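Hello,

Please find the structure below, with the sequence beside it. My notes on what was found follow after it.

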Amino acid sequence: MSSWASPERLAGVAKVYERIEPRLARWIGEQPVFFVGTAPLSGDGLVNVSPKGLRGTFGVLDDHTFAYVDMTASGVETIAHLRENGRVCVMFCSFDGTPNVVRLHGRGRVVTHGEPGFDDALAPFVMGLASRRTEARGVITVDVTRVADACGYAVPRMELEGDRELLDSWAERRSPEWLRNYRTEKNQHSLDGLPGLAGLPDW
């Protein structure tokens with residue numbers, strides 16, 4: 001059973017928290033995957049939801065702030081949306097034990113490789129990144145405005161086999177120059193044409 005489960009929560013009553021409480025932060029740190037939701041301001045723009053994993057790349061910084069490392073990928077929706085409007089929701093859910101869903105709403109900002117402040121933003125994740133630093137495209141920091149949980153009764157129970165190693169092996173076979181060219185080709189704009197890495201410093 002979750003360390004902060006209560007009879008009310010087990011009965012399916014959602015709760016809003018004033019902050020990211022320490023016991024909630026510990027539970028978040030135990031989850032192997034989270035989901036990031038963002039959207040452009042345009043009413044006909046594409047909403048985006050991205051699954052994120054890899055241990056050591058997410059951290060609660062204080063009661064109202066968290067950050068995670070944004071790894072190199074074929075899309076750049078989250079970065080583009082945050083640069084335009086900052087709105088973001090991150091969701092965690094448990095796939096074993098007590099059924100829990102936790103959502104952190106807030107305003108996010110991103111600092112990418114080559115921009116001032118990148119090394120400082122990356123510092124809390126140095127141990128978790130190890131050899132993955134070349135894969136790190138940026139760091140996303142979120143000022144949390146709402147913390148809430150829900151029952152998660154419809155979330156299936158599943159066993160974790162472990163992190164995938166595909167991103168690591170993919171990046172290890174590429175040179176820093178190749179990865180830079182890949183990001184230049186794939187990450188300049190969102191699907192809706194919003195600036196992603198366009199106009200940012202050369203890596």
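In strand 8, Val-139 is the bridge partner of Val-69. Keep in mind that this is a predicted model.

One place to look is Gly-59, which stands opposite Ala-67 in strand 5. Strand 4 is joined to strand 5 by a hairpin that passes through two residues.

The largest nonpolar core has 24 residues. Those with the most contacts inside this core are Ile-28, Phe-58, Phe-66, Val-90, Phe-92 and Leu-104. Two or more residues each come from helix 2 (22–30), strand 2 (34–38), strand 5 (65–71), helix 3 (77–84), strand 6 (87–93), strand 7 (101–112) and strand 8 (136–150). Strand 8 gives the largest share, four residues. Apart from this core lies another, of twelve residues, which include Leu-54, Val-111, Leu-122 and Phe-125. As background, nonpolar side chains tend to be buried together in soluble globular proteins.

Leaving aside neighbours within four places in sequence, Phe-58 is in contact with Ile-28, Phe-34, Phe-66, Ala-67, Tyr-68, Val-90, Phe-92 and Phe-125. Phe-58 also belongs to an aromatic cluster with Phe-34, Phe-66, Tyr-68 and Phe-92. Over the whole structure, the search finds eight aromatic pairs.

Now helix 2. Which of its residues are buried? They are Leu-24, Trp-27 and Ile-28. Seen down the helix axis, the buried residues of helix 2 fall within an arc of 100°, so they line one face of the helix. On the other side of helix 2, the exposed residues are Arg-26, Gly-29 and Glu-30. What do the buried residues of helix 2 pack against? Their partners are strand 1 (15–17), strand 4 (58–62), strand 6, strand 7 and strand 8.

One last item concerns a charge and a ring. Arg-174 lies over the face of Trp-178, at 4.8 Å from the ring centre.

Regards

Note on methods: Residues numbered from 1 in each chain as written. Predicted model: local features only at pLDDT ≥ 70, side-chain atom pairs only at ≥ 80, totals over all residues. Heavy atoms only, no water. Core = buried A, V, L, I, M, F, W, Y, C linked by side-chain atoms within 4.5 Å. Buried < 20%, exposed > 50% of the residue type's maximum accessible area, 1.4 Å probe, protein only. Contact = heavy atoms within 4.5 Å. Phe/Tyr/Trp six-rings, centres within 6.5 Å; stacked < 30°, edge-to-face > 60°. Lys NZ or Arg CZ within 6 Å of the ring centre and 35° of its normal. Arc of directions from axis to C-beta. Pairing = 2+ DSSP bridges.
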